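Hi there,

Here is the structure I promised to pass on to you. Please open it and keep it beside this email as you read.

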Amino acid sequence: MKALALQLREKGHRVTRRPNRSTQAVLLNGFNYASGKPLRVRQVAQLRQTGRMSLMGEIVPVSLQLRRARTGPALIHRVDGVPELVRGHKGRADEVQTTVNGLTDYTVFQTEYCRDSFAQHCGITPTISSTINNAVDPAIFFPNSRSSSSSQVLRLVAVSWSPNRRKGFDTLAQVSRLPDVELTFVGNWCPNVDPSNVKLAGIQDSQGVSEIMRVSHAMVHAAWNEPCSNAIVEAMACGLPVLYRDSGGNRELAGEYGVALTEDLSQDIENLREQYEALREKVLHDRSRFLITRAANEYLSTLKEAIAAHQRELS
């Protein structure tokens, strides 16, 4: 989101963190307004109707706020994945995200899997929407000059900020025990899984993640039901093919640039070795697909479309 805001500013648009009277559109992100802080549905309703967010908005019920004449900006909702599918259990995030979406004018899905899962599990089928894959800052995530994996040892990297077991930690541990494989993990390792031979790099900032990716040959991403993995996009922007679990949006992102995991991990690694040069060449050739410059243009088109539709509604 920071990279997107920077791109929009560079294109001459004014981007602020709080709406004001001149705000034409507000981009709401999933079910959070800050890290670990869920969106307040009543304040979103107040923003929709008046263009303001105040403590009073937290007090007045949504039904009463919606009775007011609408003077607020267009609301665009960039939905995350269905939390229940990602986490394995239902929680407050599921209710907040679904309710907020009903107050917005335009929905951005991160992948087609994301669109389909919201329709199936939440009944979210917005009238106006688009699909925009996640993207990264090319100044941080870029490839090195290595052109082949001539080393006998295949260096793999895996990334997850969540220690949820559904991120595929058991599979990562199994991969680390294969011969001639070196696996480095960045993030929070699941405390209920023995890391085996995995090298734990701990929490890293974006620069640290990118540096580890650039000394790796490929990424392994074994998570279930992720809508649009930022880690996969970061890895491909660094020129890495991906060994991925065929679940959620993973194939949609990495299918052309990697090998799907099966029950035979040894064969999966062998397939990756055999296809490595072609996969790396393709991911480098298509690198612009993973960069924020592409996403910013798509978001700008979306914002303009949402504003135009909103103005037609008010007129």
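This is a predicted model: local features need pLDDT of at least 70, side-chain atom pairs count only at pLDDT 80 or more; totals for chains, interfaces and linings use all residues.

Residues are numbered from 1 along each chain as its sequence is written, and side-chain values use heavy atoms, leaving out hydrogens and water.

Four strands make an open, parallel sheet in the order E1-E4-E5-E6. Strands here are DSSP runs (E, at least two residues), as are helices (H or I, at least four), numbered from the N terminus; two strands pair if DSSP finds at least two bridges between them. E1 (25–29) and E6 (129–131) stand at the edges with a single partner strand each, so one side of each has no neighbour in the sheet. Between E4 (residues 74–78) and E5 (residues 106–109) there are 3 bridges, and Arg 78 has Val 108 in E5 as its bridge partner.

Now for the cores: a nonpolar core is a set of buried Ala, Val, Leu, Ile, Met, Phe, Trp, Tyr and Cys residues joined through side-chain atoms within 4.5 Å, with buried meaning under 20% relative accessible area (1.4 Å probe, protein chains only). The largest one has 27 residues, and Val 157, Val 159, Met 213, Met 219 and Met 236 touch the most other members. Helix H10 gives the most to this core, with 6 residues. A second, separate core has 25 residues, including Val 175 and Leu 279. Leu 279 is also among the buried residues of helix H12.

Happy exploring!

Notes:
Buried means under 20% relative accessible area, exposed over 50%, partly exposed in between (1.4 Å probe, protein chains only).
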